[in-house]
Structure formats: C-alpha cells, structure tokens
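Welcome, and please open your viewer. This short tour tells you what to select at each stop.

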Amino acid sequence: MVQTGDNKLNVALIQADIEIGNPKANKAHLEAWMEKAVGGNPRPDLLVLPEMWNTGYALEQIQDIADSDGEDTRGWLSDFARKHRVMIVGGSVAVRKGDRILNTMYAFDRDGRQVGEYSKLHLFRLMDEEKHLAAGDEPVKFDLEGLTAGASICYDIRFPELARSLALDGVKVLIVPAEWPHPRLHHWRTLLMARAIENQMYVVACNRMGSSRGTDFFGHSLIIDPWGEIVAEGSEAEEIVTGMILPELVDEVRGRIPVFADRRPELYSHK
C-alpha cells in the first residue's frame, strides 16, 4: 500500500472534437467544455487540451489561419486561467512565428501567467507535417505548483530519449496533447504506459476524438501513474476525463526501484 500525503492535483482532460480549419468555432467549442470542467466536482486544478485544436490538420491553409505569435491563444488561455483560478496546459495550436509555422503548447498558472512554451520536436511524415510545419528547437519543462512537468506532443512519444532526458532533468509528469488516429490505439496505450514505467513518472495524455477528412480519432485520453497503472481513461466519445495525481508517488516509486541510480550512460553513446 503506497502511503501519500495530502498533496494532490485534480486533472481534467478535454477530449473534444475539432472542426478542421475553423479556429473561431474551435475556441468557442473548447471554452464551453472548459467551463463545464471547472464546474465539476472535484474541481480541477489543471485543465489539459488536445493537439492542434485551433486548426486541426488543415495544413494546406495553415499559413493563413495559424495564430500569429500565439497572441490570441495566449490571451484567451491566460484570461480563463485567471478568471477560474485553474492551471491550463493548452494542448497545442498552430502558431506563426516569422515565416515559420510551429505546433506549440502553452502552459499557464492560476494567476494567468505563462509558465511554459513548447513546440513539437518530431514532425510526423505520415500526415505531411514536415512539408508545412517547422520543428521545435529544445525540450521544455515547467512548474505546476511545485510539480515539475515536461512536454511532448503526439508523435514525440515514439522517441523515448525525449521522455528520459526530461526525467533526468527532474520532470515528474509528462503532458501529452495529441491527435492520434485509428488504427493505432494499441501503440498509443503501450507507448504511454512504457514512458510512465521506464521513467517512473505520471503521463497525462489528452487525445482528440471525431473524424477529419477520412481519418478517425479515438480519444482514449489517459492518466497513467509511475507504476504504469491507468488512473483514468476516456472512451471514444467527446467528454471530460478526470483523475488525480499524487506527486509523492513519483518519489516513492523511484525509491523502490532505483532505475536512475543503476543507469550506465557511458554505454549509451549511440548517435
């Protein structure tokens, strides 16, 4: 039986449908679900949104509809966080920075202050991301009221080096917005559980649902604890998936199985 203190974090994942190419409609749709989430019991401490919720994969028109420097998204999420006294990891949005379009996540504290920004490092060739988007430049960690969080976006979870580097840098919860489609549900669940088990961290993954241009997305948003046990899992419907994070459990698991102390990094030098 794991013993924990009173420290806990209630999390709500907004497993929503996304209308391709319509940022205004998507923001209104997400806001309605977020309002519903903050009225829940228990009240969430943290909201997490899915990947590319502002535009979906409207890549052929992404230059015209991406959020310029993320200004609209950042202002809206900051206002919502401050008004409702809730932390937000705002999934990710298509952002225009100069002549580049990035797939970018923003995180905010309860006072509406931006505490994190991360752009997807690994671009997914099966959806032509590399033809329309620029890759991010570096891994990112940020603070959630004393809990160190790290970011990955969708395809990033296929690269275990990223999650391990974040764990070695003190990250205890990995936040994963996604648009992960059928038929790869087995990969989604297996990869997320593996990242949790091997790094002895929480994994909080918010996937969209619905259909877009012949591609079906299955939801199954997940909260996974450092043992690899599923705390909460969504269905394939549009819904709010809720669960609790116990930060002390990360330290307990890492203390019981000393994976990090037993590493031999001098042997892992392949480039």
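**A tour of the aromatic rings**

Select Tyr-155 to begin: Tyr-155 is partly exposed, with a relative accessible area of 21% (buried means under 20%, exposed over 50%, partly exposed in between, with a 1.4 Å probe and protein chains only). You are looking at a predicted model, where local features need pLDDT of at least 70, side-chain atom pairs count only at pLDDT 80 or more, and totals for chains, interfaces and linings use all residues. Residues are numbered from 1 along each chain as its sequence is written, and side-chain values use heavy atoms, with hydrogens and water left out.

Across the whole structure, a search finds 5 aromatic pairs (rings of Phe, Tyr and Trp, the last by its six-membered ring, pair if their centres lie within 6.5 Å; planes under 30 degrees apart count as stacked, over 60 as edge-to-face and the rest as tilted). Phe-124 itself is buried, at a relative accessible area of 13%.

Next, select Trp-188 and Phe-218. Their rings form an edge-to-face pair, 6.4 Å centre to centre with 65° between the planes. Trp-188 is buried, at 0% relative accessibility, and Phe-218 is buried at 0% as well.

For the last stop, pick Arg-74 and Tyr-106. The charged end of Arg-74 sits over the ring of Tyr-106, 5.8 Å from its centre (this requires NZ of Lys or CZ of Arg within 6 Å of the ring centre and within 35 degrees of the ring normal).
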